[in-house]
Amino acid sequence: QKVLDLKKTDKTLIYGDTIEYDPDSKKVICYSRSYEGRRMLILGNFSGHKTEYVVPADFEPSELSIRLSNYSRGSVERSMTLEPYEALLLEEKRDLS
């Protein structure tokens, strides 16, 4: 429900330009949305197993905050183990404008 609410109200998620990462991956979907100096990174593990994933190089993990997650996760690392069916909405802390 929270994701649907954000999809209706957050301008970055509504109007943002999309960049897809690893489009050939069968397990993980990863894409970014950027709009008016803000960037968000969306990660989803569509596998029923833990999956290793490396955050795209054009994002600095220390500058990403967890906006939404369906698992308890304290921080974002360059290489992360995504839990089965884990979904993350990460927001970049710095303004790109």
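Rings of Phe, Tyr and Trp (for Trp, the six-membered ring) are taken as a pair if their centres lie within 6.5 Å; planes under 30 degrees apart count as stacked, over 60 as edge-to-face and the rest as tilted. By this rule the structure holds 2 aromatic pairs. The model is predicted, so local features need pLDDT of at least 70 and side-chain atom pairs count only at pLDDT 80 or more, while totals for chains, interfaces and linings use all residues. Residues are numbered from 1 along each chain as its sequence is written, and side-chain values use heavy atoms, with hydrogens and water left out.

One of the aromatic pairs is formed by Y15 and Y35, which are tilted at 40° between the planes and 5.7 Å centre to centre. This pair links distant parts of the chain, with Y15 in helix 2 (residues 11-15) and Y35 in strand 2, 20 residues apart. Helices (H or I, at least four residues) and strands (E, at least two) are DSSP runs, numbered from the N terminus. Accessibility is classed by relative accessible area as buried (under 20%), exposed (over 50%) or partly exposed (in between), with a 1.4 Å probe and protein chains only. Y15 counts as exposed at 52%, and Y35 is partly exposed at 25%. The rings of Y21 and F59 also pair: their centres are 6.4 Å apart and their planes stand at 70°, so the pair is edge-to-face. Distant parts of the chain are linked here too, since Y21 belongs to strand 1 and F59 to the loop between strand 4 and strand 5, 38 residues apart. Y21 is buried at 13% relative accessibility, as is F59 at 1%.

Five strands make up an open sheet in the order 1-2-3-7-5, with antiparallel pairing; two strands pair if DSSP finds at least two bridges between them. Strand 1 (17-21) and strand 5 (64-69) are the edges, each with a single partner strand, so one side of each has no neighbour in the sheet. Strand 1 and strand 2 (residues 28-35) are joined in the antiparallel sense by 5 bridges. T18 stands opposite R33 of strand 2, and the bridge partner of I19 is S32. These two strands form a hairpin with 6 residues between them, and D22 in the turn has a positive phi of about 50°.

A nonpolar core is defined as a set of buried Ala, Val, Leu, Ile, Met, Phe, Trp, Tyr and Cys residues joined through side-chain atoms within 4.5 Å. The largest such core has 14 residues, of which L41, L43, Y53, V55, L64, M80 and L90 touch the most other members. Strand 2, strand 3, strand 6 (79-82) and strand 7 (87-92) each give two or more residues to this core. Apart from it lies another core of 6 residues, including L13, M40, I42 and L68. Contacts in general are counted for heavy atoms within 4.5 Å. Leaving aside neighbours within four places in sequence, M80 is in contact with L43, T51, E52, Y53, V55, R73 and L88.

S47 is found in the loop between strand 3 (38-45) and strand 4 (51-54). S47 is buried, with a relative accessible area of 8%. Not counting residues up to four places away in sequence, S47 touches K27, P84 and Y85.
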